[in-house]
Amino acid sequence: MIKNIIDKIIQDLGDDRPINGILLKAQIVASRLNNKEFENWINNEQNGYSDAKNIPSYRVLGAIVKADIFRPYDGLYRNCIIPPGIFGKFAVLEYTGNMQMKAPEITGTTEQERREYVREMWKCMHNCEMCGRCSILRGRDPEELYADYISGKCSYTDASIALRDRDRH
């Protein structure tokens with residue numbers, strides 16, 4: 001029985017069949033063989049690796065990371081290349097799931113969603129030398145500074161520009 005399933009898996013690989021069906025058959029083989037290590041590997045391949053430290057080398061890809069970076073006082077920098085290693089290997093592996101940093105638009109979002117975005121963007125990282133948020137806030141409450149954005153009166157970018165202009169005068 002197991003030999004037939006293995007033969008079918010090999011045939012499916014040769015026929016270029018969808019991988020999810022092949023992994024399902026492999027899961028049956030692993031279960032029948034009571035091979036927990038093989039079962040865990042199949043589960044990780046299907047559902048993703050939950051621990052970044054245990055990602056196999058064949059799953060780690062080299063890539064050029066680009067981002068649009070908005071700095072409250074300087075404006076928007078588009079398509080910036082993020083240098084390799086700038087965050088350190090561990091930080092990048094932990095950070096890859098949250099690369100989206102675009103502020104929610106006014107239309108289609110609630111006041112609460114915009115408030116949560118401001119809270120998240122301005123929360124203390126406890127690394128003042130690298131962060132710079134404290135030097136911008138100067139003890140002020142980000143929710144008050146971005147009240148017009150939160151209430152839907154202007155975009156996040158416009159609120160940031162207004163904040164910069166107020167601080168320059």
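Glu 39 is partly exposed, at a relative accessible area of 24%. That value is not under 20%, so Glu 39 does not count as buried. The model described here is predicted.

Glu 39 has a charged partner. Its side chain meets that of Lys 36 in a salt bridge, 3.7 Å from N to O. Both residues sit in helix α3, which runs over residues 36-47. They are 3 residues apart, about one turn of the helix. Lys 36 is exposed, with a relative accessible area of 52%.

## Aromatic pairs

How many aromatic pairs does the structure hold? There are 5. In one of them, Phe 38 and Trp 41 have ring centres 6.1 Å apart and planes at 15 degrees, so this pair is stacked. These two residues also belong to α3, and again the spacing is 3 residues, about one turn of the helix. Phe 38 is partly exposed at 29% relative accessible area. Trp 41 is partly exposed too, at 34% relative accessibility.

Tyr 117 and Tyr 156 make an edge-to-face pair, with 5.3 Å from centre to centre and 85 degrees between the planes. Tyr 117 is in helix α5 and Tyr 156 in helix α10, so the pair ties together parts that are 39 residues apart in sequence. Both tyrosines are buried. They also belong to one aromatic cluster, together with Trp 122, Tyr 146 and Tyr 149.

Helix α5 covers residues 111-122. At 1.5 Å a residue, its 12 residues should span 16 Å. The end C-alpha atoms are 17 Å apart, which agrees.

Which residues of α5 are buried? They are Arg 114, Tyr 117, Val 118, Met 121 and Trp 122. Viewed down the axis of α5, the buried residues fall within an arc of 110 degrees, so they line one face of the helix. The cover over them includes α7 (133-137), α8 (142-145), α9 (147-151) and α10 (156-168).

Nonpolar side chains tend to be buried together in soluble globular proteins. The largest nonpolar core here has 15 residues. Those that touch the most other members are Tyr 117, Val 118, Trp 122, Tyr 146, Tyr 149 and Tyr 156. Helices α5, α7, α9 and α10 each give two or more residues to this core. The largest share, 4 residues, comes from α5. Another core lies apart from this one; it has 8 residues, among them Ile 5, Ile 9, Leu 23 and Val 29.

What does Val 118 contact, leaving aside its neighbours within four places in sequence? The residues are Pro 142, Glu 143, Tyr 146, Tyr 149, Ile 150 and Tyr 156.

The whole structure has 6 salt bridges. In one of them, the side chains of Arg 115 and Glu 111 meet at 3.1 Å, N to O. The two residues are 4 apart in α5, a separation of about one helical turn. Glu 111 counts as partly exposed, at 39% relative accessibility.

A further bridge joins the side chains of Glu 143 and Arg 119, at 2.7 Å, N to O. Glu 143 lies in helix α8 and Arg 119 in helix α5, so this pair ties together parts that are 24 residues apart in sequence. Arg 119 is partly exposed, with a relative accessible area of 42%. Glu 111, Arg 115, Arg 119 and Glu 143 are linked in a network of salt bridges.

Helix α1 takes in residues 2-14. Its 13 residues should span 18 Å at 1.5 Å a residue. The end C-alpha atoms are 18 Å apart, in agreement.

Ile 5, Ile 9 and Asp 12 are the buried residues of α1. Seen down the axis of α1, they fall within an arc of 65 degrees, so they line one face of the helix. Their cover includes α2 (19-32). On the other side of α1, Lys 3, Asn 4, Ile 10 and Gly 14 are exposed. Asp 16 follows α1, and its phi is positive, near 60 degrees.

Conventions. Residues numbered from 1 in each chain as written. Predicted model: local features only at pLDDT ≥ 70, side-chain atom pairs only at ≥ 80, totals over all residues. Heavy atoms only, no water. Expected span 1.5 Å × (residues − 1). Buried < 20%, exposed > 50% of the residue type's maximum accessible area, 1.4 Å probe, protein only. Arc of directions from axis to C-beta. Contact = heavy atoms within 4.5 Å. Core = buried A, V, L, I, M, F, W, Y, C linked by side-chain atoms within 4.5 Å. Salt bridge = Lys/Arg side-chain N within 4 Å of Asp/Glu carboxyl O. Phe/Tyr/Trp six-rings, centres within 6.5 Å; stacked < 30°, edge-to-face > 60°.
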